Amino acid sequence: MEGFGAEAAFMATAAGKAFFTLMEPHRLMFLGLGCIMGLVLGIVPGIGGLTGTAMLLPFTFAMDPYSAFALLLGLGATTATGDPIPAILFGVPGGAASAATVLDGFPMAKRGEAGRALSAAYMSSLMGGIFGAALLAVSIPILRPVMLYLGSPELLAFSILGISMVAVLSGSAPLRGVAAGCFGIMIAMIGSDPQTGTLRWTFDSLYLWDGLPLTPLLLGIFALPELCDLLIARTTISKEIDKKNIYRGQWQGVKDCMDNWWLIVRCSWIGGGIGSIPGISASVVDWLAYGHALKTEKGARETFGKGDVRGVIASESSNNAKEGGALVPTIAFGVPGSATMAILLGAFLIHGLVPGPDMLHKHLDITYTMVWSVALANILGAGLCYAFSPQFARLATLRYTLILPAVLGIVYIGAFEASRNWGDLYALLFFGVIGWLMKQFKWPRPPLILGLVLGDSIERYMFISVERYGFTWLWRPVVAVLLIMALVGLLRPLIADIRRQGGPIRMLSSFQMPAFHPSQLFTMAFIAVIGTMVAVALQWHFSAKLVPLVVGTIALTVAGLSLFNEMCRKPTAARVAGLGEQAQQEVGEAIHMDLTSDTGHLPVRTIVERAARFFGYLLAFMATMAVIGFIPTVAIFVVVFMRLEGPERWSLVIPYAVCLVLAIYITFDRFMSVPWPQSLLGIFVPAMKFIPSV
Amino acid sequence: MSIGSCVRHAIVAGACALWAVDLAVAQDSVEQFYKGKQIQLVVGSSAGGGYDTYARLLGRYLGNAIPGNPTVVPQNMTGAGSNRAAGYIYSVAPKDGTAIGALFPGAVLQTLLGDTPVQHDPSKFNYLGSANNDVYICFVRADGPIKSFQDVLTTETILGASNPGATTYDLPSVLNNVLGAKFRIVTGYPGSRELTLAIERGEVQGACGIGWTGLVNFYPEWFAKGFIKVIAQLSLAGHPDLNKAGVPLASRLAKTDEDRQVMELVFSQGMFGRPFVLPPGVPPERVAALRKGFTEAFADKNLLAEAGKMKLDVEPISGDDLQALVARLYASPTRVIERARQAVAARPQR
């Protein structure tokens, strides 16, 4: 007990010393600078803190370690505060960990509650960030033993528990949810496999060798469908809102967070906890927290996905907490918890700090400076966001012809930043189409992302566990508890669903002779794609094909059942004209766990025509880009789009195009030196290369 | 002095003068070319990793060491174990000396040892040099049953590894296939940090194919406390410190000359741990200027001080030496190459 008291006193002294060290004005200035950069990078979809941290690193060489970490962590911690802004306003997630924010934040913006949603997002980011840092601060003495206890079997069990959230996130369409989740896992298997080096589903392309990067997929699955529907509906995102309303909304958002403080605590612990486990990607913490809120919050099943502020709060508090969590393995073992942390590790070494036991004893004050930096950065970041919030909120009231050109241009760069390859753009387009179809036909999209992110670690750690321990690892206590939790999480919704429909016998009796409907084509195409992938996989080495075949078989089975269900279930009501309503009917009365299209009032023909037009624009953009380079294409795209769709007046179009091109040129060409892909013009007329990106 | 010898002397002197002028002209034209230019330094791995750290370090000093002082801009191009960046440098990047690639050593040996076809021919690159020259080692936890390399020939030892194609997998499988070592290789650890953590928590007993210098810099307490034991060096000549400590060279245990050649072929990648390459077809005077700049940059006091702080091992090998080494590797007897390829590719079916 005495030892414990001494330990606590030692920690408190270090924490106090760290606080006053950080309070030096020049260090606060660096922290503030980092925060501003982090926010800006966070707002731009697809561009996270990684690029910024890599660029800032050399500037920190000459600083003292406290200032260096203040600058770097200020940037890293606040990107997650900037992320929800495009997610709420345009339905475009600003980063991987705020995709779940779209689900409730975007409908709120559509209702004219952008101010409230943004405010709730900042406030929950702030509180989540601080709770995450607090968790880190108190757990420092037990960090190393806990981390050493978590072996590959535990990581596997955590991943399985994560993926069991598919059941919750599938809402009323469990079969489709499981199928989408399996599809996600199969996409995660693309590339060189870690067991045998077999190149799985790479179609002889180097791009796919390391697997598909997350960002283009995420932007394709979540951002493009929203932008497409905006063009189809041809409206503004939200109705006119007056200034007073925004301020009232902001206050309401703060109050929402205070009312739901316990939810924030839980979600930030989920975020901090998952973020601190090395080897498991934290890019799905938002979904895990969202799923947790959905399971535990009262009435959530009826309102989540339709603009419930608690959805925004859950997602945002978890993703800001994860950065504090990611510090844990970095500090304690030198195993970076995220890509940004890998760069931070470089900063450690430059300042003569070796991660490991020393950071928790000899250099404890530096460790606490980091904790304080993360906490303060969250406060500063949220404060800055509040200052600009009214301007942001008004963006949602702009016409679609003003929003789409800029947002689309930036989505393209964001996707391209993933691996700076044409493949990123093809992936964006391909998954954009898939995402839009899934949204239209009521296939829940969250399970797909969950499968995509966790699929890889499940396969990896399953092989390590089996190879190393045979099957004895199943009896490790943490593993057993986590797996039972996963099993319960998976089965409970299924049993509840069967009971709701009056038991298995009643369910079977409600079937009829198969009837075909065009919307079933999507399910059929899905089955065909998975079937082809499985057929290709059959020829691989045993270890390389084991998981793909198991997952593929499950996907085929559930997709088959879903198709049977679609064809043979007795219709409950008369047919409705809108695609969306038709699909809603098919998935029943319970909540659909995804955004719904608000284009239902339009005839199917119009929807299809306008969607074709949207993806036509994207194709034309890419074709032009191949010929004359990215930056000139942006200029042409803005002019053509605004004139054809509006038509907007020239006096608006020209300044818009000039400003956007300049902004892109300065940020991405000069500052970030993005290697633009070669254009045909540049190859055949090298003299034209003076134009950037040609 | 006869007229003949006078003439000979005059010719030699004239030739010398011409050569000197020629050199100066070349130097001038190189300077003119690079003035105000940007050199693109394409890094075949993600930002923040070891390869990236080396490349950015070089990028900060290389410009000043090249006539005309061009700006060097590092850009990351990940994919396919840096084979994508290699393909880009080989066929897409400008061939005028304004593009440099920073690759994994695996991309240099890819066509020799790998099965998967790639877009580049490593033997045709212009090699700029390598930033370090590390010695790969086999090490195990000291508290386990393995006390020396002889023990792994009789006792099964569980090693952690990343994936086939990575040194942590390829090197121990060569030891299994050529020397009959009994390593059970557990693959799937994403990177060397995750791997060392697995050793620390006792999930695996050790690893083969991690660089000695990096390891001793990053985990000094492991060696201070005798937590791990180095049982073999996978290198041609070994590291002075390890040689002094009496750690054996695995290739010395070869039973036949061919076995030794096979091992040396695979272990050679340690000598070019961080290779930098230029596309084929770059004008020779610019290649020469860049190679000279590379060597000078890595001798720069400030660079060495920075590297020292970051605990980066800088032991450059020059472009000329690396070029000769790669040529020699690619000229190995077909039978040796074939056996090395099989030794790396073979994976027991279970």
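Strands of chain B

Modeller: Start with one residue. B:Phe139 has B:Ala207 as its bridge partner in β8(B). In β9(B), B:Phe139 has another bridge partner, B:Val230. This is a predicted model, where local features need pLDDT of at least 70, side-chain atom pairs count only at pLDDT 80 or more, and totals for chains, interfaces and linings use all residues. Residues are numbered from 1 along each chain as its sequence is written, chains are lettered from A and ligands numbered from 1, in the order in which they are written.

Now widen the view to whole strands. Helices (H or I, at least four residues) and strands (E, at least two) are DSSP runs, numbered from the N terminus. Two strands pair if DSSP finds at least two bridges between them. β5(B), residues 136-141, is antiparallel to β8(B), residues 206-211, with five bridges joining them. β5(B) is also antiparallel to β9(B), residues 228-234, and here there are six bridges.

Is β5(B) enclosed or open? Five of its six residues are buried, so β5(B) is largely enclosed by the rest of the structure. Buried means 20 or more other C-beta atoms within 10 Å of a residue's own; exposed means 12 or fewer; partly exposed is in between; C-beta atoms are placed from the backbone.

Next comes β6(B), residues 157-161. Four of the five residues in β6(B) are buried, and the strand is mostly covered. β6(B) runs parallel to β7(B), joined by five bridges. One pair to find is B:Leu159 opposite B:Ile185 in β7(B).

Now the open sheet. It has six strands, in the order β2-β1-β3-β10-β4-β11 of chain B, with mixed pairing. β2(B) and β11(B), residues 317-318, stand at the edges with a single partner strand each, so each has one side without a neighbour in the sheet. β11(B) pairs with β4(B), residues 126-130, in the antiparallel sense over two bridges. There, B:Gly129 stands opposite B:Ser318.

α3(B) lies across β1 (38-43), β3 (99-102) and β10 (275-278) of chain B. α3(B) runs at about 160° to β3(B). Axes are lines fitted to C-alpha atoms, for helices over the stretch in contact, with angles from 0 to 180 degrees between N-to-C directions.

The loop between α2 and β2 of chain B holds B:Asn69. Phi of B:Asn69 is near 45°, a positive value in a residue other than glycine. B:Asn69 counts as partly exposed, with 16 C-beta neighbours inside 10 Å.

Finally, where do the chains meet? Chain B gives 40 residues to the contact and chain A gives 43. The elements of chain B that each supply at least two residues to its side include α2 (50-62), β2 (71-76), α3 (83-92) and β7 (183-187). Also among them are α7 (192-200) and α13 (301-309) of chain B. Contact here means C-beta atoms, placed from the backbone, within 7 Å.

Terms used
Two residues are in contact if their C-beta atoms, placed from the backbone, lie within 7 Å.
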